[in-house]
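This report concerns the contact surface between two protein chains and an annotated span in one of them. Please examine the sequence and the structure before reading on.

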Amino acid sequence: MTEITPNGVDTAALDKESRNASRAMLAEFWYYFSQNKGAVVGLAIFLALVIVAICAPLIAPHDPSLQYRDSFLTPPVWQEGGKAAFLLGTDAVGRDILSRLIFGAQYSLFIGVIVVGIALAGGITLGLIAGYVGGMVDTLIMRVMDIILAFPSLLLALVLVAVLGPGLTNAMIAIALVLQPHFVRLTRAAVMAERNRDYVVAARVAGAGHLRLMVKTILPNCLAPLIVQATLSFSSAILDAAALGFLGMGAQPPTPEWGTMLAEAREFILRAWWVVTFPGLAILITVLAINLVGDGLRDALDPKLKRS
Amino acid sequence: MAASSYPGYGMLRFLLSRIGLLIPTFFGVTLVAFSFIRLLPGDPLELLAGERGIDPARKAELMAKMGFDKPQWQQYMDYLVNVLHGDLGTSFASKKPVLTEFLTLFPATAELAFCAIIIAVCLGIPAGIFAAVKRGSVSDQAIMGTALVGYSMPIFWWGLLLIILFSGILQWTPVSGRISLMYFFPQVTGFMLIDSLLSGQKGAFTSALSHLILPSIVLATIPLAVIARQTRSAMLEVLGEDYVRTARAKGLPPRRVIGLHALRNALIPVITTIGLQVGVLLAGAILTETIFSWPGIGKWLVDSISRRDYFVVQGGLLLIAAIIMIVNLIVDLLYGLVNPRIRHT
């Protein structure tokens, strides 16, 4: 059922061609991405974490906040004194560490998604405006970003949380704000490189408005570096949120957030190694998996950049 | 282009343009520090008074004394004048000027950060070079794998692990502080390692070193990983250049090609990376000093935030941003000095 428009264009054929083209692009992307074994392993771990987070209520052996009064600081099952019911042991108030870690995966992934979402949305908007409009607006936006970048990110996030009040939501807002300048800079640089290309001029001559030029013509061609940066920001968001939780300014107890769990475990470090070791290991594995994916994405999306 | 025939001209213009960029940023940073106290929920005096409350007459008097009754822009002007005169306010907890407190505590952080960057550079650059030269080998993969683990490390957890291992199980190092309480000597440089040597007391230097070693390793972890990764990629780029091939083709020994021709050019971007680590180090110091009870700027700021000693937080924020800006300026200038191309862009 071919549909021919008045000016003789076969839209169905066009659609098919564009679908084929995107499939070919995806195949090419996957070819380069899968060349990097580490990236594939990272992706597998990340997907496993997503499944664990989604199915947390089904697979966690215990309620994460249920306190077993007869099992304070029970060691992991393979150590003397361990119980089969608590595979990774219990914490100082008798909560099952494995269940808390499983529920903690929900928090970490949620933090990553929300923070990167806010930072991307804000960063792309400001970067597009700065790069496209230029002039005073550009100078103003970039100077403000310079100011944010003049502070160490964790310190600025810490101070912002002090202003907004401790808690997970405020911690996420603060982290998104300090990660945003990277997205603004990347978008702006990409927009400035694309702005005067022939295809943009052609679209403008054809009568495209400013908004269409910015969002539909230029932006899709600036996405590669943004995707890589988003992946790397995902892991820094998790690290920073855990650090804020550790300093008592992020998620508040008894939330099973991994950084907060570490903060609660600190006083037992010399008595019960497991309460400290496992939450940190969970953070490390998650962040490592995402960074591996990030390296793979960079190789696959930008062949000019060598793997570093 | 007659002017550019002066050897120093390009550099001077470069210096001035960089400083010109810094000035608005500096004012912006003061504005952030100034707004910080005004953005806190409730007014600062009520916050300070806490649950006891404050007598309205006394409050009005204090508000006038601290200038909180003036219009905002005037308060900002007063604040700027004070900052430029080195007056950053007074700590509520200690009643000492913030700047004095900062200067007393800064050497502890500087010593820690200095040792960390030495560790990071001395291990990171050779590791990166080695990985680049042996590209694709097992050792390259091992080094880069380790670097990625280091880069992904939650350093507050890493610190706790090292304490469990070295202080708990092996009992090699103390858990916290800068030096054993047995030793007391006057502060000369503020660097405990140097002061302990100058004091001539037996065992003081060893004690200071054993306190310093774990926090420095923890703080060095991320910069080390970043420097190793950056050195490797910079080396790989340079090793593919024509002049390296020429040097090889004319029969120079590999050691000379790598050490002289490749390394000198590869180090240019690495210098920038090292400079950028200062911000990472100061942020890392917040966590490292908290874990090891290291009496430096990071722990001071975290304690002040939880004590609600807001003038300290305001002053610390401004001073740390100023340090980072100055270091970045120096790095930019060094970069311009070693890489003349950048000056003309």
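The following paragraphs describe the interface and then the annotated span.

The structure is a predicted model. In this model, 44 residues of chain B are in contact with 38 residues of chain A. The size of an interface is often given as the accessible area lost when the parts come together. Between chain B and chain A, about 3,800 Å² is buried, and carbon and sulfur atoms account for 81% of this area.

Specific interactions across the interface comprise one salt bridge and five residue pairs in polar contact, with both residues at pLDDT 80 or more. The salt bridge joins the side chains of Arg229(B) and Asp295(A), with an N to O distance of 3.2 Å.

Several helices of chain B each supply at least two residues of the side that touches chain A; among them are helix 1 (9-39), helix 9 (204-239), helix 11 (254-292) and helix 13 (310-338). Helix 1 of chain B gives the most to this side, with eight residues. The composition by class of the side of chain B that touches chain A is tabulated below.

| Residue class, side of chain B touching chain A | Count |
|---|---|
| Nonpolar | 34 residues |
| Polar | seven residues |

For chain A, an unreviewed UniProt entry lists residues 105-294 as "domain: ABC transmembrane type-1". Within the model, residues 105-294 of chain A are 81% helix and 0% strand, and the end C-alpha atoms of the span lie 19 Å apart.

Conventions
Residues numbered from 1 in each chain as written. Chains lettered and ligands numbered in written order. Predicted model: local features only at pLDDT ≥ 70, side-chain atom pairs only at ≥ 80, totals over all residues. Heavy atoms only, no water. Contact = heavy atoms within 4.5 Å. Buried area = accessible area lost by both parts, 1.4 Å probe. Salt bridge = Lys/Arg side-chain N within 4 Å of Asp/Glu carboxyl O. Polar contact = N/O pair within 3.5 Å; in protein donor to acceptor, adjacent residues only side chain to side chain. Helix = DSSP H or I, 4+ residues; strand = E, 2+ residues; numbered from the N terminus. Nonpolar A, V, L, I, M, F, W, Y, C, P; charged D, E, K, R; others polar. UniProt positions renumbered as here; feature names shortened; annotations may be inferred.
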